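Here is a short briefing to read alongside the structure. Please keep the sequence and the 3D view open, and find each named part as you come to it.

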Amino acid sequence: GAISAIEYTQWPEELQRRYRQSGYWIDRPLTDLIQGSDSAKNVAVICGERAFTYADLDRLSSHLAAELGQRGLCRGQTALVQLPNIAEFYIVFFALLKLGVAPVNALFSHQQLELNAYAEQLQPTLVIGSARHKLFRSADFTEQLKKKFPQVHVLVLGATDYTDDLEQCLHSPEGHAGRAFCSPSAAHQVAFFQLSGGSTGTPKLIPRTHNDYYYSVRRSAEICRLSSHTRYLCALPAPHNFPLSSPGALGVFHAGGTVILAESTEPGQCFALVQRHGVTMAALVPSAVNLWLSAAERAQARGEKPLNSLQLLQVGGANFAETVARRVPTVLGCRLQQVFGMAEGLVNYTRLDDSDEKIFTTQGRPMSDGDEVRVLDEKGNPVTVGQPGLLYTRGPYTFRGYYKAPQQNARVFDKEGFYCSGDIVQQDEDGYLRVVGRVKDQINRGGEKIAAEEVENLLLKHGDIEQVGLIALQDANLGEKSCACIVTRNAKLKPVQLRRFLREQGLADYKIPDRFQFLKALPLTAVGKIDKVALRAQVGRRLLAEE
Ligand code: J2J
């Protein structure tokens, strides 16, 4: 059949021209990242006891691409992938890019509700999972997917009794006829889908092109001064935009350095990896920094220096308190870089040679001269420098529309194609941003984003629930926790029942409310919507009184 391209909202011609002229877009595929000739023998990924060179990544991903091509997968199709932090995550990613099949990389914490929502939107012809995840241990989940998508192929990493092992496809014989099918999508077309933190009922997908993503990776690697000596610890979930592209694993691949994979940000395991592999750089969310600081102080008290090799710690994804930021260099013995980014595009960095003042008190400035940032009041007028306002942005790596979501797109883009991230920021005279608030209906639970509406809609399916509003509560460890405020006629309704109800619907654990508050009524706005500001104040007062 005809080779089709995935439809998405493109940049206007004039901007496309500008981005090419400025050298932002180079019309090369992301597969170039692992095919650079001078680093073939360097170690690209360390995963447990296994090490993969760039040549290994290239060869194994080509094998897999060939095998998948043989099975009929081809350019223009999509895939649903869910793998933990493991080398195969990158091998699969590059295999699919080589084939022109655009994946969405779900988080390992996602469950059937999230995976089904992504599948529904993408109509994938390929699903790749891990036998370590409960959804892929038995045939039930994939059988159900196959009913909806009869053409879907399923590969699972690890032995199962119902489908092929991904492992085998990586070692399929060389010189496969399927090789002929290999050709990445055009550089201005969709390479893969990034996940949106979201604020709506169903999770949204962000189309990312080779051109835009490759630029963000190259520029990030430059700002962070990556080289073939960089040894980067990837402890956040590998698919997340931060550890993938800011500069993340892809930035490290661009520089010919080494990615060391960790299963989580837990300090015990991470410190051991830093020490063993001489890690020079790591990326964390603020809640993990707190744990690292305490663990490092305990290690110091024992006379140990596990983080000796660490030169740079990047922190982003959620609000980072200045007092904690100031402790990073003294306690961890490395430089701090603050990162304020979003899977939709715009990423801000403090620069390595910035003053302490900028590094400790701001979330950085846009990485590119091509980034256009506006800080506007509610009426859409620019605020004066230093005043809080809504962040609007467009640029060479900021998307122009969620996948198949015209209504949401109409809400979050203005007439000139600027995207409103829902963050309230202050911009200083040097262009540095501080994140001071949020208007989107989202909870940022230690960097993990929860769309209030998604959880509310699920709770409303419970027969006993009349009204529900999900709000954020301050939390000493995570920054924010979620609290479901509920109006019910059933005085016996218990949180444990509601948690089970949500789990049974297949909702990821991190989205299950940390607290439930039963109220007689919820405060409403003039137009009859739940007044979250008033609700937060009301619940806050109540919890204070209980203490
Ligand atoms: C406050 N809030 C922040 C920060 C993100 C690099 C780094 C992070 C992300 C990310 C990313 C923040 N201080 N330093 O994609 O490439 C909140 C904002 C933002 C939302 C985006 C990257 N850094 N945030 O966190 O798509 O509210 O991307 O709009 O997960 O996280 O979330 P996400």
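In this predicted model, the secondary structure of the protein chain comes to 17 helices and 25 strands. The radius of gyration of the chain is 23 Å, close to the 24 Å that the globule rule gives for 547 residues, so the chain is as compact as a globular protein of that length.

**Overall build**

- Along its principal axes, the C-alpha trace of the protein chain spans about 70 × 55 × 55 Å, and 51% of the 547 residues count as buried.
- If we take the contacts between residues at least 6 apart in sequence, 69% of them join residues that are at least 24 apart.

**Domains and their contact**

- The protein chain is divided into domain 1 (30-184), domain 2 (215-438) and domain 3 (442-546).
- Domain 1 and domain 2 have C-alpha centres that lie 28 Å apart, and the contact between these two domains takes 21 residues from domain 1 and 19 residues from domain 2.
- On the side of domain 1 that touches domain 2, β1 (43-47) and α3 each supply at least two residues, and the largest share, five residues, comes from β1.
- The UniProt record, in an unreviewed entry, places the feature "domain: AMP-binding enzyme C-terminal" at residues 454-529; this span is 21% helix and 33% strand, and its end C-alpha atoms lie 16 Å apart.

**Nonpolar cores**

- The largest nonpolar core has 135 residues, of which Leu-233 and Cys-234 touch the most other members.
- Helix α3 (residues 87-99) gives this core its largest share, eleven residues, and the core draws at least three residues from each of domain 1 (30-184) and domain 2 (215-438).
- Leaving aside residues up to four places away in sequence, Leu-233 touches Ile-260, Ala-262, Cys-270, Leu-273, Val-274, Val-279 and Ala-282.
- There is also a second, separate core of 22 residues, which includes Ala-451, Leu-459, Ile-471 and Phe-516.
- As general background, nonpolar side chains tend to be buried together in soluble globular proteins.

**Surroundings of the ligand**

- The ligand is surrounded by 24 residues, and the closest are Asn-241, Phe-242, Gly-316, Gly-341 and Ala-343.
- The elements that give two or more residues to this shell are α8 (241-245), β14 (335-342), β19 (419-427) and β20 (433-438), and the largest share of the shell, five residues, comes from β14.

Key: Residues are numbered from 1 along each chain as its sequence is written. This is a predicted model: local features need pLDDT of at least 70, side-chain atom pairs count only at pLDDT 80 or more; totals for chains, interfaces and linings use all residues. Helices (H or I, at least four residues) and strands (E, at least two) are DSSP runs, numbered from the N terminus. The radius of gyration is taken over C-alpha atoms; the globule rule is 2.2 Å times the number of residues to the power 0.38. A residue is buried if 20 or more other C-beta atoms lie within 10 Å of its own, exposed if 12 or fewer, and partly exposed in between; C-beta atoms are placed from the backbone. Two residues are in contact if their C-beta atoms, placed from the backbone, lie within 7 Å. UniProt positions are given in the numbering used here, feature names are shortened, and annotations may be inferred rather than shown by experiment. A nonpolar core is a set of buried Ala, Val, Leu, Ile, Met, Phe, Trp, Tyr and Cys residues joined through C-beta atoms within 7 Å. Domain bounds come from an automatic or database domain assignment. A residue is near a molecule or strand if its C-beta atom, placed from the backbone, lies within 6 Å of it.
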